[in-house]
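Have the picture open as you read.

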There are 2 protein chains.
Amino acid sequence: MKSKDKVTIYDISKKLNISAATVSRALNNNPKISEKTRELVVKTAREMNYKQNRLAQALKQGRTNNVGVIVPYINRSFFSSVIRGIEEELTPHGYHIIIGQSHEEVEIEAEQLNALLNTQIDGIFMSVSKTTQKTDHIKKVLEEQTPLVFFDRKIDIPSVSSVVLDDYKAGYIATEHLIKEGCSRIAHLSGDINLEIYRNRFEGYKKALKDYEIDFNPEYVIQVNSKIESGMQAIDDLWKLEEKPDAIFSAGDYAALGAMQELRARKIKIPQEVCVVGFSNEPFTKYMELPITSMDQTPLMMGKIAAQVFLEQVKETNAYTVEKKVVLPPELIIRDSSNRKLLKLSDVS
Amino acid sequence: MKSKDKVTIYDISKKLNISAATVSRALNNNPKISEKTRELVVKTAREMNYKQNRLAQALKQGRTNNVGVIVPYINRSFFSSVIRGIEEELTPHGYHIIIGQSHEEVEIEAEQLNALLNTQIDGIFMSVSKTTQKTDHIKKVLEEQTPLVFFDRKIDIPSVSSVVLDDYKAGYIATEHLIKEGCSRIAHLSGDINLEIYRNRFEGYKKALKDYEIDFNPEYVIQVNSKIESGMQAIDDLWKLEEKPDAIFSAGDYAALGAMQELRARKIKIPQEVCVVGFSNEPFTKYMELPITSMDQTPLMMGKIAAQVFLEQVKETNAYTVEKKVVLPPELIIRDSSNRKLLKLSDVS
DNA sequence: TTAATTTAAGCAATCGATTGCAAAAAATAA
DNA sequence: TTATTTTTTGCAATCGATTGCTTAAATTAA
């Protein structure tokens with residue numbers, strides 16, 4: 001597994017009795033090289049099966065054309081879709097993507113970040129972990145002058161760009177939708193309040209209640225994680241209340257699913273008695289027999305835009321870092337779990 | 001975004017009035033360096049916030065500690081889980097993963113492969129695209145002496161290791177399960193026969209029929225893709241037959257889902273009238289109200305084992321390439337869509 | 001105290017490609 | 001034909017870390 005007898009520009013230069021500098025220039029279409037030699041070099045390079053060593057080039061030029069992406073887990077529909085978006089936008093520009101998972105642990109996140117910086121990547125995309133409170137490890141990235149773009153889960157640091165969903169609006173829209181479906185006792189299954197995104201969804205929820213003059217009831221707010229069980233537990237808790245909710249707005253699809261399963265187990269009809277709205281538009285929400293209304297976060301788009309922000313940033317060569325904060329509009333995908341109107345129309349089944 | 005005033009070993013050597021060689025050795029725990037100087041260097045390095053430039057190191061040592069992974073799409077539960085497995089196994093060894101998508105196009109696959117080779121990765125993991133027939137671009141990897149490990153979708157090339165599922169057995173088990181549930185007219189929704197995995201599943205299906213003395217009926221075999229619609233279409237076609245099937249074994253979960261939706265639309269009871277078995281154990285199969293029986297491919301495990309095979313391969317320094325073919329056992333996850341027994345027991349709902 | 005041996009540290013080449021500056025070659029003008 | 005300008009090409013340094021070989025320093029033996 002060693003001694004890869006790689007062809008270098010020196011091999012080509014020796015064969016043609018010219019200097020390596022000329023070979024390099026010829027291959028890079030430097031105008032100072034005559035057409036004849038260029039063609040000769042290119043032809044010979046092909047014949048000798050020459051492959052440029054991007055490592056050496058990177059060392060000399062100071063750029064690797066690699067970018068790093070750090071997410072909590074890559075096998076989550078949302079994150080892998082964002083990565084796909086980034087990849088599709090960046091590949092045409094010659095970039096490659098190196099991925100790392102933080103496993104929602106800030107320590108691992110810091111390690112991964114450090115390792116990526118060592119590797120001399122040209123930029124970093126990241127969605128912070130739930131446990132990320134301190135920002136020291138992230139500030140180190142900035143000290144290195146490495147462009148950083150947050151997506152979805154950001155931390156507010158001056159001069160750092162980000163692409164996020166308008167979670168406040170999303171919370172508002174979801175709640176408003178439920179209100180318009182005739183619900184008034186709307187419970188909210190919130191995510192970890194440590195994360196800005198969940199705070200915003202919660203705030204949007206409260207604002208909608210206020211705008212429609214519905215009293216906010218703190219008992220209707222339950223904190224859940226992204227496990228199905230926590231959604232079931234939430235229903236268990238809520239149904240101990242005097243006044244049971246008539247709608248659930250969950251900040252996550254898995255909790256929404258758990259809630260629905262528990263509701264069904266209790267023979268509570270969805271959406272007739274209780275409407276349910278989830279968040280993330282995970283693939284399964286669509287495929288259920290009773291498809292779940294959910295908030296789409298347009299992950300592909302998010303990835304592409306994050307990539308564009310990065311590209312702009314590296315283009316602005318000498319410029320001061322331009323902070324760019326992109327906020328994407330959420331899109332509520334209304335499905336049966338909260339669609340009473342549809343039910344009345346097509347009362348087939 | 002330029003002039004990253006990076007600290008190098010030369011900066012450290014200047015500050016301490018020693019040579020860069022000594023600094024390098026000290027940082028690498030070379031025994032030829034005295035304890036005093038080692039400590040001094042390490043301490044100073046930390047103070048100066050020195051970060052090793054892995055690019056320069058890689059250039060010198062001829063290894064980058066980067067490996068490439070090429071999959072059709074990364075935002076598919078199966079593939080992203082395999083990648084996660086590879087990542088978890090390789091990160092402790094200091095490796096990083098660079099990913100690329102082929103979009104199921106052999107041309108893109110070849111480009112990605114080429115780009116990765118340029119980047120000087122230390123190895124490649126790949127799952128070939130559906131359109132991959134020629135293997136020229138893959139043989140180039142071998143010429144470069146770069147370790148290659150196929151996972152799931154492989155191509156038979158001598159001396160190349162692979163980690164795959166025992167698809168033949170999987171096909172057999174799934175079919176046998178259906179037979180034992182009392183089904184005898186078992187249809188098979190097959191994937192693209194160009195891929196070995198689908199051929200094997202099909203063969204396993206046929207063998208099970210044979211072993212249980214059920215006549216193979218070619219009319220019961222329909223080729224589908226991984227779209228829900230093709231599963232619906234398949235039912236449409238099958239239900240035009242004189243003798244309708246009483247079971248569906250789909251080589252993919254999405255087609256299975258489509259089939260179930262179409263069956264339900266036709267008021268055909270699952271599993272009473274028709275049993276359904278899918279393949280891949282996509283997350284949604286579990287979350288359905290009528291959960292779908294599916295074949296688990298243990299993707300995390302597959303990724304980890306592929307990584308182990310790679311690690312062994314690079315460890316065997318001078319050895320001839322050792323071809324290693326790992327075949328993982330499939331695991332049938334039996335759920336309601338094919339579980340008539342359960343139905344009789346707990347006839348609650 | 002001097003010679004022999006061990007230990008620590010430095011010199012300089014190397015990995016492969018790039019690029020400013022200088023030199024050579026070719027083309028043009030005088 | 002010679003001087004001048006323009007094109008081409010080459011020299012050598014550079015990016016940052018590593019390592020074989022050599023030299024210097026420290027330690028031990030004589």
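In chain A, helix α8 (residues 167-180) packs against helix α9 (residues 196-211) at an angle of about 40°, and their axes are 6 Å apart. Axes here are lines fitted to C-alpha atoms, for helices over the stretch in contact, and angles run from 0 to 180 degrees between N-to-C directions. Helices (H or I, at least four residues) and strands (E, at least two) are DSSP runs, numbered from the N terminus. The angle therefore makes α8(A) and α9(A) oblique to each other (under 35 degrees counts as roughly parallel, over 145 as roughly antiparallel, 65 to 115 as roughly perpendicular, and the rest as oblique).

Which residues make the contact? On α8(A) they include A:Y168, A:Y172 and A:I179, and on α9(A) they include A:I197, A:Y205 and A:L209; contact means heavy atoms within 4.5 Å. By class, the contact of α8(A) with α9(A) has 7 nonpolar, 4 polar and 6 charged residues. Ala, Val, Leu, Ile, Met, Phe, Trp, Tyr, Cys and Pro count as nonpolar, Asp, Glu, Lys and Arg as charged, and the others, Gly among them, as polar.

## How to read the model

This is a predicted model: local features need pLDDT of at least 70, side-chain atom pairs count only at pLDDT 80 or more, and totals for chains, interfaces and linings use all residues. Residues are numbered from 1 along each chain as its sequence is written, chains are lettered from A and ligands numbered from 1 in the order in which they are written, and side-chain values use heavy atoms, leaving out hydrogens and water.

## The sheet in chain A

Chain A has an open sheet of 6 strands, ordered β7-β6-β8-β9-β10-β12, with mixed pairing. At its edges are β7 (221-223) and β12 (331-333) of chain A, each pairing on one side only. Two strands pair if DSSP finds at least two bridges between them. From one strand to the next, the twist averages 20°.

Strand β6 (residues 186-190) of chain A pairs with β7(A) in the parallel sense over 3 bridges, and A:L189 stands opposite A:I222 in β7(A). Helix α10 (residues 228-238) of chain A packs on the sheet, touching β6, β7 and β8 (247-250) of chain A.

## The sheet in chain B

In chain B, 6 strands form an open sheet in the order β7-β6-β8-β9-β10-β12. Here β7 (221-223) and β12 (331-333) of chain B each have a single partner strand, so one side of each is left without a neighbour in the sheet.

Strand β8 (residues 247-250) of chain B pairs with strand β9 (residues 275-279) of chain B in the parallel sense, with B:A247 opposite B:C275.
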